[in-house]
Amino acid sequence: MLSKVVLLIAALLLCYLFSFVGLLISFFFALFYAHFVAAKRRNYIKNFNSALRTTIQINGQIQDTAVAFSKSGPLRTKCTAFARRLTAGEEPFSAAWLSRLPLEIETAMALSLPETAVQPDPKRVTTRQTTHRQNNNLSVASQLFYLILVCFAAFAASTFFETFLAPVLDSLLEESAIQTRGSTRDWAAHYLAFVALAIGFGSMCFYLVAILGLLPALLAPSWIPLLPVKAARKSAILAGVATSLEHNVPLDEFCTIGAKIHSGITRRQFKKALRAINSGYTDANVIYHAGWISTADKAWLEDAPSARQAEILRNISNQDIRHADANLNWVMAIGYPAAILCLASAAAPFATAFFTELTDLITQL
């Protein structure tokens with residue numbers, strides 16, 4: 001709460017001291033703060049799931065973990081309800097699901113297994129991989145923030161010019177008997193505002209979809225390159241399938257759990273997998289029809305023993321993460337310079353027309 005108040009005071013102070021420049025800087029800081037809050041929430045959810053799986057692995061008290069996370073953080077209300085349901089004697093998975101906790105698939109599996117069952121070992125991502133992924137996302141987000149800021153400044157500048165400066169300039173040109181080029185300049189100003197708004201809005205949408213993961217259905221089509229948000233969800237599912245194979249958990253039970261804890265397009269994938277299971281498909285074909293692996297990957301899984309299938313699925317999962325990071329980098333390597341060039345091309349006619357009129361006016365005077 002204190003950090004939010006300090007940020008608001010700093011933003012108001014910048015707006016007061018620097019006017020338009022302060023507004024731009026405040027907008028820039030607001031974007032960074034939103035990214036920081038979203039990243040912090042994602043890390044908190046990952047830590048909660050990791051702590052819950054570790055507690056189950058060591059046969060600890062799940063209620064103690066729920067109480068610990070109910071004291072602070074973005075999940076404190078849901079963890080409070082989770083702890084209350086556990087105290088009332090509900091089954092752990094049912095209590096977590098009814099409390100609307102953001103469970104990862106492996107956590108949900110660990111909660112649903114009987115206490116006497118052998119719990120899966122937690123598969124941890126190395127610190128190096130996590131740091132590289134976070135740095136890559138922050139680098140891309142910084143580029144997008146800069147592009148959004150520049151587009152916002154260009155749109156605001158063109159709007160200010162058309163509203164306040166253009167009438168005065170037209171009046172001076174008429175008084176000086178100079179043949180006005182106002183139509184060309186006005187067209188260029190409108191074009192600059194349109195291009196800046198389109199690029200800024202597109203960059204904002206790309207950030208929300210590709211970095212924050214809103215509206216995952218937009219990344220679902222196969223012709224869209226695999227990006228980190230989609231790869232992370234897909235990787236978690238493949239890791240869950242691998243864990244179920246390693247511990248002889250039936251695939252239909254795994255898909256039933258996944259359909260409960262997920263929503264949207266991911267839930268539809270699990271339901272599609274359940275329909276394939278009911279139709280008598282093999283495990284490899286079920287995973288393929290759900291859209292989690294490609295045709296080439298399916299060929300590796302067929303006729304392989306369960307242990308080998310689990311190993312292959314984990315390798316596919318890690319490979320998808322690496323490919324997604326590479327795809328995001330080359331999309332930015334092409335898209336970012338192209339957006340800057342488009343914005344510069346839109347600004348050039350406006351600048352040429354404006355400075356030509358201004359030069360003619362100064363020469364006449």
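Helix α6 (residues 105-112) is mostly covered, with 7 of its 8 residues buried, that is, under 20% relative accessible area to a 1.4 Å probe, protein chains only. Those buried residues are Ile105, Glu106, Thr107, Ala108, Met109, Ala110 and Leu111. Helices here are DSSP runs (H or I, at least four residues), numbered from the N terminus.

The model is predicted: local features need pLDDT of at least 70 and side-chain atom pairs count only at pLDDT 80 or more, whereas totals for chains, interfaces and linings use all residues. Residues are numbered from 1 along each chain as its sequence is written, and side-chain values use heavy atoms, leaving out hydrogens and water.

In helix α9, Val241 is buried, its relative accessible area being 1%. Its C-alpha atom is separated by 9.8 Å from that of Asp283, which is 42 residues apart from Val241 along the chain.

Helix α9 (228-246) also contributes to the second largest pocket: like α11 (264-278) and α14 (306-364), this helix supplies at least two residues of the lining. A pocket is an open set of points on a 1 Å grid over the protein atoms alone, where a 1.4 Å probe fits, with protein on both sides within 12 Å along at least five of seven lines; lining residues have an atom within 4 Å of a point. The space in this pocket is about 540 Å³, a volume filled by probe spheres set on the points, which are joined across faces, edges and corners. Of its 23 lining residues, Ala220, Leu226, Lys230, Lys234 and Gly291 are the closest to the centre.

Notes: Buried means under 20% relative accessible area, exposed over 50%, partly exposed in between (1.4 Å probe, protein chains only).
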